[in-house]
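Colleague: I'd like to learn how to read a model like this one. Could you take me through it feature by feature?

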Amino acid sequence: MSSVSTVLEPQAGDEEIDWEFWGMLVQDYNAVASKLPHLLAARVRQGLPSKLRGLIWQSMSQASSTYLETMYTQLLKEHTPYERIIQRDLARTFPHVEMFKEEGGKGQEMLGNILKAYSLYDPHVGYCQGLGFLVGPLLMNMDEKEAFCVFVRLMETYDMRTMFTLNMEGLQLRLYQFSALLSEHLPVLHAHLSFHSIHAAMYASQWFLSLFAYTYPLPLVLRVYDVVFSEGAPETIMRVAVAFLKKNEERLMQLQEFEDLLEVLSSKLYDVYEDNAGAVIKDAMALSSTISKDKLDALTMAYLAELEDQQKRAGEVTSKRFKDRFGSSKNKTEEAKTAAAAKQKSSSSTSSSTSTSTPAKSKRSSRLSIAASFGSSIALNDAESDGDSTSALSPNTEAQLMEQIQDLAKALSTLQRDHVEVTEVVVTAKMEKMQHMEEIENLRKKVAELERQQNRASMMSAVCPSVMSQSDTASSMTTASPRSTVHDDGKMREPSGRVSSSWSTNSREDDGSDTISGNEELAQRLATAERELSHVTAELVHAKVSAMEAMNEVEAQRQKSQSIEQILMDSKEAVVLLQEQQVVLQNKKMEMAMEMDGLRHERDTFEKDLTVVRQQFEETKRLWLESQVERQSLLEKVKELELNAAFVASTGSLGRGKSVRKSLGETALLNMMHSR
C-alpha cells in the first residue's frame with residue numbers, strides 16, 4: 001500500500017481505467033466513500049479493474065495491519081490439529097482453476113498456510129471445508145500475507161464468522177432470512193417449492209458459506225466479492241439469491257419432480273444469464289431498496305424471538321420427558337427389587353433367576369442415567385433397539401429423532417462453552433509461560449553479569465597482595481641505598497658525612513609514611529573488594545534460587561497446560577462423537593423424509609388410479625342400467641308377440657298365415673337377442 005504510485009502507473013491496454021479515481025480510492029477509501037457515495041456505488045456495480053482488484057479490496061476492508069502480518073508469520077511456525085484435514089481438502093478446492101490444480105504446488109501451499117494460520121488465530125471456528133472457497137479468490141488477486149489479513153477482516157467485519165462456528169448460528173439465521181424474503185418477493189414459487197418438500201437449506205447453504213464460489217464461475221464470484229466489500233456480505237448474498245430465483249421463476253414452476261427442481265436450484269440458475277455476470281449484479285442491485293440492512297435486522301429480531309420461544313418450549317418438553325424417565329426408571333427399579341425379594345423368599349431357584357435378571361436391569365438404568373447426564377436419550381435408545389432392530393418404525397419415530405437432535409444440540413452447546421473456557425485457560429497458561437520464560441531469561445542474564453563481576457572481583461583480590469609485596473620491596477630498597485653509600489664513601493669529611501646521614505634519615509621517614517598510607521589504601525580497596533565479592537556472591541545465590549523456583553513454576557505450569565490440553569482433546573473428541581451422532585440422526589431424518597416423499601408419491605398415484613377405476617365403474621354401471629331398461633322393453637314386446645301368436649293359432653285362418661309366420665320370425669329374433 002505504500003508503493004501505490006508505482007503500482008497504479010498506466011500500462012498498455014489500460015486506457016479505459018480511471019486511474020485518478022481508483023488511485024484516490026486505494027489511498028483513502030473512507031474519504032471517497034463519504035464524498036462520492038453514489039459514484040462509488042455505480043463504479044463498484046460496474047465492476048472493479050482486474051489489475052487493481054486486490055488493492056481495492058484491501059482498501060475497502062481496511063486490512064492493512066502490520067500486527068496481523070507479524071502474527072501470521074508466527075502462526076505458521078505452530079502446529080494445528082486440522083493439518084491432515086486441510087491437506088485432504090486442498091485438492092477439492094477449485095480443482096479446475098490452474099492456480100490450485102497442481103497437487104503440492106504454490107497455490108495449494110499458500111491456501112493451506114492461510115487455512116492453517118486462521119485455525120490457530122480463531123480456535124473457536126478452527127477449520128471448516130467451505131473456508132477454502134473464501135480464501136481462493138483472495139489469493140488470485142493479492143499476496144499470501146495480504147490475503148490472510150483480508151480474510152480475517154472478511155470473517156470478523158463482514159459477519160461471515162458466525163456461519164462457521166460449531167452450531168452454525170449465523171447460517172441458520174441467514175436461511176431463515178432468505179426463506180422469509182423468498183415468501184415475500186416470490187410467494188408462488190415459495191409455495192411450489194414447499195409443496196415439493198424443498199427447503200432453503202438443501203440448495204442455499206453453499207451460497208452463504210462460499211459466496212457462490214462452490215458452483216458458479218469465477219467472473220461472477222469476483223463481481224460478487226466487489227459488491228460484498230462495498231455493501232456488506234449478508235445483503236449482497238440475499239439480493240443475488242433472490243435475483244437468481246426471480247429470473248428462473250417461470251422455469252422452476254414448470255418442473256414437477258423433486259430431483260429436477262433440486263438440480264436446477266443447485267447448479268443451473270446461472271444458465272439463463274448466458275455467462276453475463278453484469279446482468280446478475282444489475283438484477284441483484286435492483287432489489288437494494290427492498291432487501292436492505294434494516295430489513296435484515298428486523299428479520300433477525302423476529303428469528304431471535306422465535307428461537308427463544310422454541311428453546312423455551314423445548315426446555316419444558318425436555319424437562320418433563322426427563323422427569324418422566326427418571327420416575328419410570330425409579331419405579332421400575334423398585335418393582336424389580338420387590339419382585340426379587342419376593343422370589344428369594346419363595347424359592348432358591350427363582351432367586352437365582354432373579355439375581356441374573358437384576359444386573360441387566362441395573363445396567364439398563366445406569367445407561368439411562370448416563371444418557372440423562374449427556375442430555376440425550378441416545379444410549380437408552382441404543383440399548384432398547386438391540387432387540388427391536390428389525391421391527392417397524394413407530395409413528396412417533398420422527399418426533400423422537402427431533403427430541404434427540406435437540407438434546408444433542410444442548411450437549412454440544414455445553415461442550416462448546418467448556419471448550420471455550422478450556423481454550424481461554426490454555427491461552428492464559430501460555431501467556432504465563434511466556435512471562436516466566438522472559439523472567440528466566442532475565443535471571444540468566446543477571447546471573448551471567450554477576451558471575452562476570454565475581455570473576456573481576458576475584459582477579460582484583462588476587463592482584464592486590466602482589467601489589468602490596470612489590471611496594472614493600474621498593475620501600476626497603478630505598479631505605480637501604482643511602483646506608484650503603486655512606487659505608488662505601490668512608491673518605492668523606494665528617495661534616496659532609498653528618499649532612500648525608502641526616503638526609504638519609506629524613507628520606508627514610510618520608511618513605512615509611514608513604515608506604516604506610518599506600519598499604520592502608522590497598523587494605524581499604526581489598527576490604528571493599530571483599531565486601532563487593534560477598535555481596536555479588538549473595539546476589540548470585542539469590543538469583544540461582546530464583547531461577548530454580550522459576551524453573552519449578554514453569555514445570556508446574558507446563559504440566560498444568562498438558563493436563564488442560566488433554567482435557568481439551570477429550571472435549572474435542574466428545575464434540576466429534578456428538579457431531580457424528582447428530583449427523584447420523586440427520587441422515588435418518590433425511591431418509592425418513594425421502595421415504596415419506598415416496599409414500600406421498602405412491603399415495604398420489606394410487607388416488608389417481610382409484611379415480612380412474614371409479615370413473616370406469618360409474619360408466620359400467622350406467623351401461624348396465626341402460627341394458628336393463630332395454631331388456632325390460634324387449635321382454636314386454638316378446639310377451640305381446642306371444643299373445644298375438646296364440647291368438648292367431650286359435651283362429652287358424654289362412655289369410656293371416658303370412659302375418660303369423662312373420663310374427664313368429666320376429667319372436668325368434670327377439671328371443672335370440674334376449675339370449676345374447
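Colleague: How close do the axes of α15 and helix α19 come, and at what angle do they cross?

Modeller: An axis is a line fitted to C-alpha atoms, for helices over the stretch in contact, and angles run from 0 to 180 degrees between N-to-C directions. Helices (H or I, at least four residues) and strands (E, at least two) are DSSP runs, numbered from the N terminus. Here, the axes of α15 and α19 (residues 277-285) come within 9 Å and cross at roughly 35°. This is a predicted model, where local features need pLDDT of at least 70, side-chain atom pairs count only at pLDDT 80 or more, and totals for chains, interfaces and linings use all residues. Residues are numbered from 1 along each chain as its sequence is written, and side-chain values use heavy atoms, with hydrogens and water left out.

Colleague: Is the crossing of α15 and α19 left-handed or right-handed, and which residues make the contact?

Modeller: A crossing is left-handed if the near helix is turned anticlockwise from the far one by less than a right angle, and right-handed if clockwise. α15 passes α19 in a right-handed crossing. Contact means heavy atoms within 4.5 Å. On the α15 side you'll find P219, L220, R223, V224, V227 and E231, and on the α19 side A277, G278, V280, I281 and M285. Sorted by class, the contact of α15 with α19 has 8 nonpolar, 1 polar and 2 charged residues. For the classes, Ala, Val, Leu, Ile, Met, Phe, Trp, Tyr, Cys and Pro count as nonpolar, Asp, Glu, Lys and Arg as charged, and the others, Gly among them, as polar.

Colleague: And how do α16 and α19 lie to each other?

Modeller: Angles under 35 degrees count as roughly parallel, over 145 as roughly antiparallel, 65 to 115 as roughly perpendicular and the rest as oblique. The axes of helix α16 (residues 233-247) and α19 come within 8 Å and cross at roughly 105°, so α16 and α19 are roughly perpendicular to each other. In this contact, R239, V240, A243, F244 and K247 of α16 meet V280, D283, A284 and M285 of α19. That contact divides into 6 nonpolar, no polar and 3 charged residues.

Colleague: What about α9 and α11?

Modeller: Helix α9 (residues 106-121) and helix α11 (residues 144-157) have axes that come within 10 Å and cross at roughly 45°. α9 and α11 are therefore oblique to each other. α9 passes α11 in a right-handed crossing. M110, N113, I114, A117, Y118 and Y121 of α9 touch E144, A147, F148, F151, V152, M155 and E156 of α11. By class, the residues in the contact of α9 with α11 are 10 nonpolar, 1 polar and 2 charged.

Colleague: What length should α11 have?

Modeller: The expected span of a helix is 1.5 Å times one less than its number of residues. The 14 residues of α11 should span 20 Å, and its end C-alpha atoms are 20 Å apart, which agrees. Just after α11, D159 takes a positive phi of about 60°.

Colleague: Which residues of α11 are buried, and what do they pack against?

Modeller: Buried means under 20% relative accessible area, exposed over 50%, partly exposed in between (1.4 Å probe, protein chains only). In α11, the buried residues are E144, A147, F148, C149, V150, F151, V152, L154 and M155. They pack against α5 (53-61), α6 (66-75), α9, α10 (131-139) and α15 (218-231). α10 is mostly covered, with 9 of its 9 residues buried. The buried residues of α10 pack against α5, α8, α9, α11, α14 and α15.

Colleague: Which loop holds F94?

Modeller: F94 sits in the loop between α7 (83-90) and α8 (98-101). It has a positive phi of about 50° although it is not a glycine. At 6% relative accessibility, F94 counts as buried. Likewise, S197 has a positive phi of about 60° although it is not a glycine, and S197 lies in the loop between α13 (187-195) and α14 (205-210).

Colleague: Finally, how many helices and strands does the protein chain have?

Modeller: The protein chain has 25 helices and 0 strands. Of its 676 residues, 34% count as buried.
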